[in-house]
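Below is a briefing on one protein chain. Look over the sequence and the structure first, then work through the points by topic.

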Amino acid sequence: MISTKLTDLLGIDHPVVSAPMGSVSGGRLAGAVTRAGGLGLVGVSYGDAAFIDEHVAEAAATGGVWGVGCVMFTFDERPGLWDKVLGYAPPVIALSFGDAAQVQRYVASAADRGCHVVVQVHDPEQAAVAVRAGASVIVAQGAEAGGHHASLATLPLVPAVLDVTQGAVPVVAAGGFADGRGLAAALALGADGVMMGTRFAATEESLATAGFKSRLVSARTADTVDTRSFDVVRGIPWDDAYRARSVSNDFTRTWAGRDAELAARRATVEPEWIAAVARDDTGQRAMFAGEVLDLIEDVQPAARVVHGVVADAEEILAGLARRTGGIAA
């Protein structure tokens, strides 16, 4: 097995993390990844108390090492949900999208409850803030990621973050990973594991709808688009530094470049959009996905994804050693 600082710190078998995708990463998916030897995370940032009670409890019942992913600025707007999450004593809390003060506050709160605290960052400066705050693990997320991301690409971002952390904490690479080749490449960069979102969205256990999963399989990377349309129609105040990568559809094509108009017409557009989402209308709904769609050809069980990624990475790394004659003395 591949052993890294991440697997050693958390006591997991494989350096593979399922991203805490809102409305996709429920308790069943997190539990399946955890049972397969990776780190499964429940995404609760857009959930409510009932969602937490159902899905966090389901993940906790699997045993092993599991966690909960929280978007910091949204939790600031939902009093009581943070304490509810901590009440389930998750071994891991994964934090994302907060300013320096929020990072400091949430890291300290989770650490006080005995959680390993994972902080996602998008540039070296954010990495420095997270390390100073006491993060246990840093996730360096590049712009290839599905959903919300900043502008720096993964390949240069990961070593830049490693230069900041200087080995103090494990670093996980995110954005553009879906198979063993990606894990091997991340390890070669010096990362201690990978976080994958889109690949786990296209699994049997994810909460993604049938239409969403079908589109993940049929769409190609060239079909993705960076957009704020879905944030605007939902009225979620994302920082201007972030866009969300999604499979393009009629909704994104209609509202491309028209954010201000969409905001002004939200009172009439949002109810129609919500109804379309309820119908699983893939021409209208958000389908967040990263630049790995060319690598996704089917919907698999999550355990098969974990084991396949690790087995392929092991074979690739062994082959690389053979091709290069191993490490010279």
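Predicted model: local features only at pLDDT ≥ 70, side-chain atom pairs only at ≥ 80, totals over all residues.

How much space lies in the second largest pocket? The answer is about 180 Å³.

- The pocket holds about 180 Å³ of space, and 14 residues line it.
- Those closest to the centre of the second largest pocket are A178, D179, R199, Q300 and V309.
- Helix 16, which covers residues 302–323, gives five residues to the lining of this pocket, the largest share.
- By class, the lining of the second largest pocket has six charged, five nonpolar and three polar residues.

**The cavity**

- Rolling a probe the size of a water molecule over the atoms shows where empty space is left.
- How many cavities of 30 Å³ or more does a search of the whole structure find? The search finds one.
- The largest cavity has a volume of about 50 Å³.
- Its lining is made up of L6, L10, V17, L39, L41, V118, V137, V139, V172 and M195.
- Helix 1 (5–10) and strand 6 (137–141) are the elements that give two or more residues to the lining of the largest cavity.
- The lining of the largest cavity has 10 nonpolar residues, with no polar and no charged ones.

**Aromatic pairs**

- A pair of aromatic rings is described by the distance of the centres and the angle of the planes.
- A search of the whole structure finds 10 aromatic pairs.
- One of them joins F97 and Y242, with 4.9 Å from centre to centre and 85° between the planes, an edge-to-face pair.
- Which parts of the chain does the pair of F97 and Y242 tie together? F97 lies in the loop between strand 4 (92–96) and helix 6 (100–112), and Y242 lies in the loop between helix 12 (229–234) and strand 11 (243–247), so the pair ties together parts that are 145 residues apart in sequence.
- F97 is buried, because its relative accessible area of 10% falls under the 20% cut-off.
- Y242 is also buried, with a relative accessible area of 11%.
- The rings of F230 and F288 form an edge-to-face pair, because their planes are at 90°, and their centres are 6.0 Å apart.
- This pair links distant parts of the chain, 58 residues apart: F230 is in helix 12, and F288 is in the loop between helix 15 (266–278) and helix 16.
- F230 is buried, with a relative accessible area of 1%, whereas F288 counts as partly exposed, at 23% relative accessibility.
- Ring pairs also link F73, F97, W238 and Y242 into a cluster.

**Charges over rings**

- The face of Y46 has R234 lying over it, at 5.2 Å from the ring centre.
- The face of W255 has R258 lying over it, at 4.4 Å from the ring centre.

**Cysteines**

- How many disulfides does a search of the whole structure find? The search finds zero.
- Seen from C115, the closest cysteine sulfur is that of C70, at 9.5 Å.
- C70 counts as buried, at 2% relative accessibility.
- C115 is buried too, with a relative accessible area of 7%.

**Backbone angles**

- Most residues other than glycine have a negative phi.
- A89 is not a glycine, yet it has a positive phi of about 50°.
- The place of A89 is the loop between helix 5 (81–86) and strand 4.
- Is A89 buried or exposed? A89 counts as exposed, at 56% relative accessibility.
- Q166, a residue other than glycine, has a positive phi as well, near 55°.
- The loop between helix 8 (154–165) and strand 8 (171–174) holds Q166.
- At 63% relative accessibility, Q166 counts as exposed, because the value is over 50%.

Methods. Residues numbered from 1 in each chain as written. Heavy atoms only, no water. 1 Å grid on protein atoms, 1.4 Å probe; cavity = no way out; pocket = protein on both sides within 12 Å on 5 of 7 lines; lining within 4 Å. Points joined across faces, edges and corners; volume = space filled by probe spheres on them. Helix = DSSP H or I, 4+ residues; strand = E, 2+ residues; numbered from the N terminus. Nonpolar A, V, L, I, M, F, W, Y, C, P; charged D, E, K, R; others polar. Phe/Tyr/Trp six-rings, centres within 6.5 Å; stacked < 30°, edge-to-face > 60°. Buried < 20%, exposed > 50% of the residue type's maximum accessible area, 1.4 Å probe, protein only. Lys NZ or Arg CZ within 6 Å of the ring centre and 35° of its normal. Disulfide = S-S within 2.5 Å.
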